[in-house]
Amino acid sequence: MAFDLDMIKKVYDRYSTRVAAARKATGKPLTLTEKILYAHLSEGEAHKAFARGVDYVDFAPDRVAMQDATAQMALLQFMQAGRPKVAVPSTVHCDHLIQAKIGAEVDLNTAKDTNKEVYDFLASVSDKYGIGFWKPGAGIIHQVVLENYAFPGGMMIGTDSHTPNAGGLGMIAIGVGGADACDVMAGLPWELKFPKLIGVKLTGKLSGWSSAKDVILKVAGILTVKGGTGAIVEYFGEGARSLSATGKGTICNMGAEIGATTSVFGYDEKAAIYLRGTKREEIAALADAIKEHLTGDAEVYANPEQYFDQVIEINLSELEPHVNGPFTPDLAWPISKFAAAVKENNWPATLEVGLIGSCTNSSYEDITRAASIARQAVDKHLKTKAEFTITPGSEQVRYTVDRDGYLGTFAEMGGVVLANACGPCIGQWARHTDDPTRKNSIITSFNRNFAKRQDGNPNTHAFVASPEIVTAFAIAGDLTFNPLTDTLTNEQGQQVKLDEPQGIEMPIKGYAVEDAGYQAPAEDGSKVEVKVDPKSARLQLLDPFAAWEGTDLNGLKLLIKAKGKCTTDHISMAGPWLKFRGHLDNISNNMLIGAINYFNNTADSVKNQLTGEYGPVPATQRDYKANNIGTIVVGDENYGEGSSREHAAMEPRHLGVRAILVKSFARIHETNLKKQGMLGITFADPADYDKVQEDDSIDIQGLTSFAPGKQLTVVLHHKDGSTDSFAVNHTYNAQQIEWFKAGGALNIIRKQMAN
Ligand code: SF4
């Protein structure tokens, strides 16, 4: 599990020259975010004053982390690159596929059985290509990364939206799709729109019931779920320096809920304490040596309004504990106003389940603070009214808090310890309920609380708070209880009050673990065989896509003319299809089934020009493919918006669609199409969209002289014998044209590796 000290040294070595170059290029003092970004510009990317929120820039991240659900396609693609090993240190974490039902041990064993083929594949592919593998039960990706791999001033991408958790240790850590992870592991640069910057100045100091979680609950209330879009949030000020590194991790983690690209704190004494406490003294020493580069410039923090696009100030001394929800994480209630909100809105006041832990809130400090409340319940003879579960974030934390007696305290209070995995946080929760149609309330210390997120039940009102507040509510079983002011009646009929929580930042006896659940990769992976059962429904090895045939594309049939919104979810639906995300052919049976056919206003019903009959999009496309006929998909504005899902680009490619012609593309999807060797083009005149008819055969001309900035021509051959011809645009640069010609970016890398 060793972190890569040589890599970190190399990153730190370039800091002073890169930061000096950035200061010169921008002509101003720098925020921490800018320093980290400039230190990670990809080779060949010029130092200049990038327009925030506008310019796309190539970066070279230091690490890749993948969770088990999204790692499958990322690694299947990576195998296509022909590299003997990943280009940057990478890890896989088995956390998302474990369902919480009975308790840690039984649930873990069930998951190992149910997901055996996926785990075997991930373990063997990791072993072969030099990737660290964290087995099921080892913990949740972000907690494991914080404990082992995050480092101040680093840059990481991860195939999970809460990757920003590592910002607690001063890393720019960004959640991405599998295609991006594949590129970075294959040695390609990684593109990001140069972010806007939001500064959050923290003054004062937390006390009493308030915790780091309340900082982000408050920020979410201010910025809302969209307010951070396209921005990196940088925290600073004396209040920031007073927070533990794990508390900072909680804040950065849940920053995903405001749509932020990521969030970050500077390197400080708390970060050094955490690094030393997690047996990474060497990193703390290296960071100390360049610490002026691992925080923003003093001028920036003295006059933040001049350097950030937006500044928010929060006084921690005045911060009340918050409860956010239901159904959205930005509905923020200070605890003093929450009871009234519950009554006014008629939300179910009876609390059915309290859940603490997850990647967001399961540090030693979190657990000890929550346990100090649980202890009082036992000592003060209070009977816990709601169900109560604890999800440790990693085996190291679980082992340590068990050794120190805290899990025992939770058990005395009636709590159930779940596996070190995502479980209820991602809906992997077989919740016991007598009546799912009843409106009901739960409260968690997780990060996301959209409808159905935890238990799939739209009647569940999920609230989010800190672990200590969740524990207090679980004891009371009543959301109108305010633990700061109210009393509870104990089993002896006495009125008792809960005292303020007490936490311990770092374990006094140090962290300990018997088996962290880590599998190191083979030194020489060349003999390791990747395990995929050819009969598997969940996994399928990929074959390289074919290279371009070197001619114009003539006689393509129109597969679908999509009308209106066509997001990546319309192109490749999630839900039940996710179980096939490692099997391209099976998941391709969802291709474009959500898109609305312009000609009949119906989803998943298109005319098969070979038979004249209407049928589902995937089946129709498979018929064309079987007859060796290429097709084209036509779409409207912002085609492919939504989450970066590589399947949305791979499925059409796999099934034989040759081109996507739209009014405009969502940028990420357009890039994903290019990487897969697909032709993505736009109408030069959007009105030409109206010329496309249902029975058209379509030619794309000009490909033999395909060049950056040069338009192509589309010819529509209508059924009545008439034709329409018009210019189309593209945004392919020289490199991307090579991807198109080779049949995909990975085909080029494979060729390079073979030479
Ligand atoms: S615990 Fe929840 S938020 Fe964290 S990685 Fe798992 S599903 Fe995502």
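How do the residues of the shell around the ligand divide into nonpolar, polar and charged? In this predicted model, the shell holds 5 nonpolar, 5 polar and 2 charged residues.

**View 1. Residues surrounding the ligand.** Histidines H96, H142 and H162 are among the surrounding residues. The ligand is also surrounded by C359, C422 and C425. I140, D160, S358, I426, N447 and R453 complete the list.

**View 2. An open sheet of 6 strands.** The strand order is β6-β5-β2-β3-β4-β21, with mixed pairing. β6 (172–175) and β21 (518–519) stand at the edges. Each has a single partner strand, so one side of each lacks a neighbour in the sheet.

**View 3. Strands β2 and β3 with helix α4.** β2 (residues 63–67) pairs with β3 (residues 90–93) in the parallel sense, over 4 bridges. A65 stands opposite T91 in β3. Helix α4 (residues 68–78) lies across β2 and β3 and runs at about 120° to β2.

**View 4. The aromatic pair Y38 and F194.** The whole structure contains 27 aromatic pairs. In this one, the ring centres are 5.9 Å apart and the planes stand at 55°, so the pair is tilted. Y38 belongs to helix α3 (residues 32–39), whereas F194 sits in the loop between β7 (190–193) and β8 (196–203), 156 residues apart. Y38 is buried, at 1% relative accessibility. F194 is buried too, at 2%.

**View 5. The aromatic pair W333 and W347.** The ring centres lie 6.0 Å apart with planes at 70°, so the pair is edge-to-face. W333 lies in strand β13 (residues 332–334) and W347 in the loop between α16 (335–344) and β14 (351–357). W347 counts as buried at 13% relative accessibility. Ring pairs link W333 and W347 with F338, F463 and F473 into a cluster.

Terms used. Residues are numbered from 1 along each chain as its sequence is written. This is a predicted model: local features need pLDDT of at least 70, side-chain atom pairs count only at pLDDT 80 or more; totals for chains, interfaces and linings use all residues. Side-chain values use heavy atoms; hydrogens and water are left out. A residue is near a molecule or strand if one of its heavy atoms lies within 4 Å of it. Ala, Val, Leu, Ile, Met, Phe, Trp, Tyr, Cys and Pro count as nonpolar, Asp, Glu, Lys and Arg as charged, and the others, Gly among them, as polar. Two strands pair if DSSP finds at least two bridges between them. Helices (H or I, at least four residues) and strands (E, at least two) are DSSP runs, numbered from the N terminus. Contact means heavy atoms within 4.5 Å. Axes are lines fitted to C-alpha atoms, for helices over the stretch in contact, and angles run from 0 to 180 degrees between N-to-C directions. Rings of Phe, Tyr and Trp (its six-membered ring) pair if their centres lie within 6.5 Å; planes under 30 degrees apart count as stacked, over 60 as edge-to-face and the rest as tilted. Buried means under 20% relative accessible area, exposed over 50%, partly exposed in between (1.4 Å probe, protein chains only).
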